[in-house]
Amino acid sequence: MKKVFYIIFTLIIVFLISGLIPMNNGKDNCIEISGIIKSVSEGGVKDLVFELENDEIKYYINRGFENGFEISKAKKDFEGKKITLFYVNSWTLLAPFGTTSKHVAYAIVNDSVIYTEW
């Protein structure tokens, strides 16, 4: 019985630690995607979330509303516009088959950089 407990405890610790490993958000570890912004919303903890037309994935700027974005202005300025996003190519044991949301490291709307982590 103790052996099973130690194995389960070890697995839980491994999963927790793997979720705390920081992402490499450098340009060499990002994937570029472009599209038309269908909607802008708030998600997570003050994250700015973009939904693109014909795309199931949601793209978010982590703590975007703490970095100067405002929801009403973002909706007015971004919805319906073309955006080019660079999202972090990451993998974690907590989501081994991928997620439905991606962390944005760099964003361009109508040829203007609106956000960068580089």
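Helices are DSSP runs of at least four residues, numbered from the N terminus. Val 4 falls within such a run, helix H1, which spans residues 2-20. The model described here is predicted. Val 4 has a relative accessibility of 46%. It counts as partly exposed, because that label covers values between 20% and 50%.

Val 4 also belongs to a nonpolar patch on the surface.

Aromatic pairs were counted next. The total is 8. One of them joins Phe 69 and Phe 78, with ring centres 6.2 Å apart. Their planes meet at 65 degrees, so the pair is edge-to-face. Both Phe 69 and Phe 78 are buried. Another pair joins Phe 86 and Tyr 106. Here the ring centres lie 5.6 Å apart and the planes stand at 75 degrees, so this pair is edge-to-face. The pair links distant parts of the chain, 20 residues apart. Phe 86 sits in strand E4 (residues 82-88), and Tyr 106 sits in strand E5 (residues 101-109). Phe 86 has a relative accessible area of 12% and is buried. Tyr 106 is buried at 18%.

Strand E4 pairs with two other strands. Strand E1 (residues 30-43) is joined to E4 by 7 bridges, and the two run antiparallel. Within this pairing, Gly 35 has Ile 83 in E4 as its bridge partner. E4 and E5 are also antiparallel, paired over 5 bridges. Tyr 87 stands opposite Val 104 in E5. Of the 7 residues of E4, 6 are buried. The strand is therefore largely enclosed by the rest of the structure.

A loop residue gives another view of the chain. Glu 56 lies between strand E2 (47-52) and strand E3 (58-61). Its relative accessible area is 76%, so Glu 56 is exposed. Glu 56 and Ser 101 are 45 residues apart along the chain. Their C-alpha atoms are separated by 8.8 Å.

Charged side chains were examined last. Side chains of opposite charge can pair when their charged atoms come close. The model holds 3 salt bridges. One joins Glu 66 and Arg 63, at 3.4 Å from N to O. Both ends are partly exposed: Glu 66 has a relative accessible area of 47%, and Arg 63 has 35%.

A second salt bridge links Lys 73 and Asp 77, at 2.6 Å from N to O. These residues are 4 apart in helix H2 (residues 71-78), so about one helical turn separates them. Lys 73 is partly exposed at 45%. Asp 77 is partly exposed at 26%.

Lys 75 forms a salt bridge with Glu 79. The closest N and O atoms of this pair are 3.6 Å apart. Lys 75 has a relative accessibility of 36% and counts as partly exposed. Glu 79, at 31%, is also partly exposed.

Notes:
Residues numbered from 1 in each chain as written. Predicted model: local features only at pLDDT ≥ 70, side-chain atom pairs only at ≥ 80, totals over all residues. Heavy atoms only, no water. Patch = residues over 30% accessible without salt bridge, like charges linked within 9 Å, V, L, I, M, F, W, Y side chains within 5 Å. Areas by Shrake-Rupley, 256 points an atom, 1.4 Å probe, with all protein chains shown as cover. Salt bridge = Lys/Arg side-chain N within 4 Å of Asp/Glu carboxyl O. Buried < 20%, exposed > 50% of the residue type's maximum accessible area, 1.4 Å probe, protein only. Phe/Tyr/Trp six-rings, centres within 6.5 Å; stacked < 30°, edge-to-face > 60°. Pairing = 2+ DSSP bridges.
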